[in-house]
Number of protein chains: 2
Amino acid sequence: MLSKNEEDYLKVLFHLLTGEGGDRAGTNQLAQQLEVKPASANSMLKRLSEKKLVEYQKYSKPILTPLGRATALQLIRRHRLWETFLFQKLNFAWDEVHEVAEQLEHVQSEKLIEQLDRFLGYPKFDPHGDPIPDAQGNMAVREYELLANIAPGQRVRITGMKDSSTAFLQYLNDLGLALHSELLVLEHIPFDNSLRLALPDGLTAQVSEKFALHVFVLRLD
Amino acid sequence: MLSKNEEDYLKVLFHLLTGEGGDRAGTNQLAQQLEVKPASANSMLKRLSEKKLVEYQKYSKPILTPLGRATALQLIRRHRLWETFLFQKLNFAWDEVHEVAEQLEHVQSEKLIEQLDRFLGYPKFDPHGDPIPDAQGNMAVREYELLANIAPGQRVRITGMKDSSTAFLQYLNDLGLALHSELLVLEHIPFDNSLRLALPDGLTAQVSEKFALHVFVLRLD
DNA sequence: ATGCCGTGTTAGAGTTGTCTAACAAAAGAA
DNA sequence: TTCTTTTGTTAGACAACTCTAACACGGCAT
Ligand SMILES: [Mn+2]
Ligand SMILES: [Mn+2]
Ligand SMILES: [Mn+2]
Ligand SMILES: [Mn+2]
């Protein structure tokens with residue numbers, strides 16, 4: 001059985017190694033993500049290696065073993081199910097769920113997660129649009145495109161966010177946008193690659209390229 | 001902020017000191033309840049004393065400060081709300097809720113508990129019939145009498161259990177009894193103080209005095 | 001009052017995790 | 001290639017627990 005800390009390190013490592021350019025992930029990135037010093041991350045890498053979750057030799061990049069990957073996916077499953085619960089049943093806002101799920105994910109009970117999944121109706125995506133792995137670690141592939149790449153005139157639906165920071169989520173909230181919101185790209189301004197959008201409430205908004213690079217969408221029609 | 005372990009020690013101490021004959025509770029009882037050695041309980045008593053939750057001088061019985069009592073009641077609130085959630089929403093059996101609630105109770109989030117309480121409809125009692133403290137630490141007084149003291153001919157409703165051990169809860173289950181079950185005392189056998197009962201399903205059962213001393217009831221009619 | 005036994009306390013060591021400070025290796029620039 | 005910067009590793013200390021083993025206190029019986 002893994003400790004809460006071992007689980008958190010493993011999960012962060014999974015995200016670092018699975019995200020784009022994940023091959024460059026090492027001790028320092030791991031430490032930074034977890035807000036600890038590199039010395040701490042280094043000693044945890046050794047411990048995870050002892051437990052056969054990570055393959056690690058000094059001065060080379062760590063990789064997850066199949067066991068490590070499977071274990072991380074189960075933790076991600078728990079995290080996203082709890083986020084969904086908080087959002088759907090307990091009136092938590094979009095940007096409030098993560099912090100609490102970060103604690104709830106460590107509760108050890110097979111039955112708890114099974115029953116929570118059933119209670120929520122076997123959701124496929126969490127409130128941020130991220131796919132929820134099933135008990136076998138399989139998850140839906142989210143078909144998405146970046147909003148930044150959509151041509152004017154195209155209607156789209158928001159399917160996820162690349163960034164789940166509070167600042168970003170609250171900005172989205174202020175625009176009246178959420179997962180599943182539909183919007184229309186009105187204009188593309190070549191100077192700075194910003195976009196003019198028609199929002200669900202009928203208003204229009206001008207958003208930066210940086211914004212548009214953080215929103216995943218599905219083309220409609 | 002208290003650690004998970006500090007919270008658990010505090011809660012057990014509260015139950016030891018609040019239960020009948022709670023004045024006799026000391027280092028050894030505390031250690032036994034928590035399944036640790038007396039040396040460990042002793043050092044935790046010092047730490048809780050440092051944090052002004054317990055008044056403690058060596059070789060004398062510890063008592064809770066008002067702050068310690070209030071803190072313990074909030075933990076008990078969280079525990080019983082989670083038990084209620086697991087029982088009512090996630091199909092957990094009566095004797096399965098405690099172990100998981102023992103973990104969930106340590107999740108730190110005011111909003112989580114507020115919203116959970118609302119989601120459950122502000123329940124006054126947990127699945128074992130134990131009262132749930134409100135945010136101020138107040139709880140309903142459960143009017144109860146021991147089944148052992150009920151005279152033949154009296155109809156009663158089960159309002160709680162003095163013992164929440166798995167063995168006891170499963171015996172109750174096997175008899176078809178649960179919280180709120182109604183039953184009729186048919187006969188009192190003076191020889192061993194056992195009772196004959198009419199059960200909800202129409203059958204009768206013979207139960208020992210020990211059993212009858214662990215069930216709280218309300219007289220009906 | 002003395003002695004015994006159960007209760008309670010301390011010292012000292014181990015585990016899991018953290019940090020700082022010093023150092024070693026690898027990568028990049030000149 | 002040689003220097004410099006970034007990245008990674010180690011040693012050693014500390015905190016929050018845990019334990020075992022030795023010891024002190026206090027209540028009770030003779
Ligand atoms: Mn976490
Ligand atoms: Mn999420
Ligand atoms: Mn607990
Ligand atoms: Mn209970």
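Which spacing do the donors of the manganese ion (ligand 3) follow along the chain? The spacing is D-x93-E-x2-E-H. Donors are N, O and S atoms within 2.8 Å of the metal (3.2 Å for Na, K and Ca); water is not among the atoms, so sites may look incomplete. The model is predicted: local features need pLDDT of at least 70, side-chain atom pairs count only at pLDDT 80 or more, and totals for chains, interfaces and linings use all residues. Residues are numbered from 1 along each chain as its sequence is written, chains are lettered from A and ligands numbered from 1 in the order in which they are written, and side-chain values use heavy atoms, with hydrogens and water left out.

Ligand 3 is coordinated at 2.0 to 2.4 Å. B:Asp8 contributes OD, B:Glu102 both O and OE, B:Glu105 OE, and B:His106 NE2. B:Asp8 sits in helix H1 (residues 4-18) of chain B, and B:His106 in the loop between helices H5 (97-104) and H6 (110-119), so the pair ties together parts 98 residues apart in sequence. Helices are DSSP runs (H or I, at least four residues), numbered from the N terminus.

B:Asp8 is buried, at 9% relative accessible area. B:His106 is buried too, at 11%. Buried means under 20% relative accessible area (1.4 Å probe, protein chains only). Beyond neighbours within four places in sequence, B:Asp8 contacts B:Leu34, B:Leu75, B:Glu102, B:Glu105 and B:His106. Contact means heavy atoms within 4.5 Å.

Methods
Helices (H or I, at least four residues) and strands (E, at least two) are DSSP runs, numbered from the N terminus. Buried means under 20% relative accessible area, exposed over 50%, partly exposed in between (1.4 Å probe, protein chains only).
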